[in-house]
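Hi everyone, thanks for making time for this. I'd like to walk you through one structure, starting from a detail and zooming out from there.

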Amino acid sequence: MAPGRGDPAEPRSRVRLDATGGLVLGDRYVIPAGEIVVRTTTSGGPGGQHANRSLTKVVVSWRVAVS
């Protein structure tokens with residue numbers, strides 16, 4: 001079974017936050033918190049009026065070329 005796909009012997013994620021809020025990827029990479037942009041938007045699609053007017057979708061971006 002592939003790691004992170006339900007195998008209890010494997011960790012689900014190698015991503016965590018450090019003390020400054022940076023995103024730690026595995027054991028080698030850290031994306032500083034100031035370089036991560038988080039925004040919310042409507043999810044769109046089916047789901048009724050509440051789903052289409054509530055900010056239920058989260059978009060996280062990071063500009064690799066600027067980092």
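This is a predicted model: local features need pLDDT of at least 70, side-chain atom pairs count only at pLDDT 80 or more; totals for chains, interfaces and linings use all residues.

Let's begin with V15: which residue of β2 is its bridge partner? That would be L25.

The V15 pair sits in the pairing of β1 with β2, where β2 covers residues 23-25. These two strands run antiparallel to each other and are joined over 3 bridges.

As a quick reminder, strands of a sheet pair through backbone hydrogen bonds, in either a parallel or an antiparallel way.

How many strands form the open sheet? There are 3, arranged β1-β2-β3, with antiparallel pairing. At the edges we find β1, residues 15-17, and β3, residues 29-31, and each of them pairs on one side only. Going from one strand to the next, the twist averages 25 degrees.

Let's step back to the whole chain. The protein has 5 strands and 1 helix, and along the sequence they come in the pattern β-β-β-β-α-β.

Finally, some totals for those of you who like numbers. Of the 67 residues in the protein, 7% are buried, with buried meaning under 20% relative accessible area. The accessible surface is about 5,600 Å², and carbon and sulfur atoms contribute 55% of that surface. And if you take the contacts with a separation of 6 or more, 11% of them link residues 24 or more positions apart.

That's my tour, and I'm happy to go back to any part of it.

Key
Residues are numbered from 1 along each chain as its sequence is written. Side-chain values use heavy atoms; hydrogens and water are left out. Helices (H or I, at least four residues) and strands (E, at least two) are DSSP runs, numbered from the N terminus. Buried means under 20% relative accessible area, exposed over 50%, partly exposed in between (1.4 Å probe, protein chains only). Contact means heavy atoms within 4.5 Å. Accessible areas come from the Shrake-Rupley method with a 1.4 Å probe; for residues, only the protein chains shown count as cover. Two strands pair if DSSP finds at least two bridges between them. Axes are lines fitted to C-alpha atoms, for helices over the stretch in contact, and angles run from 0 to 180 degrees between N-to-C directions.
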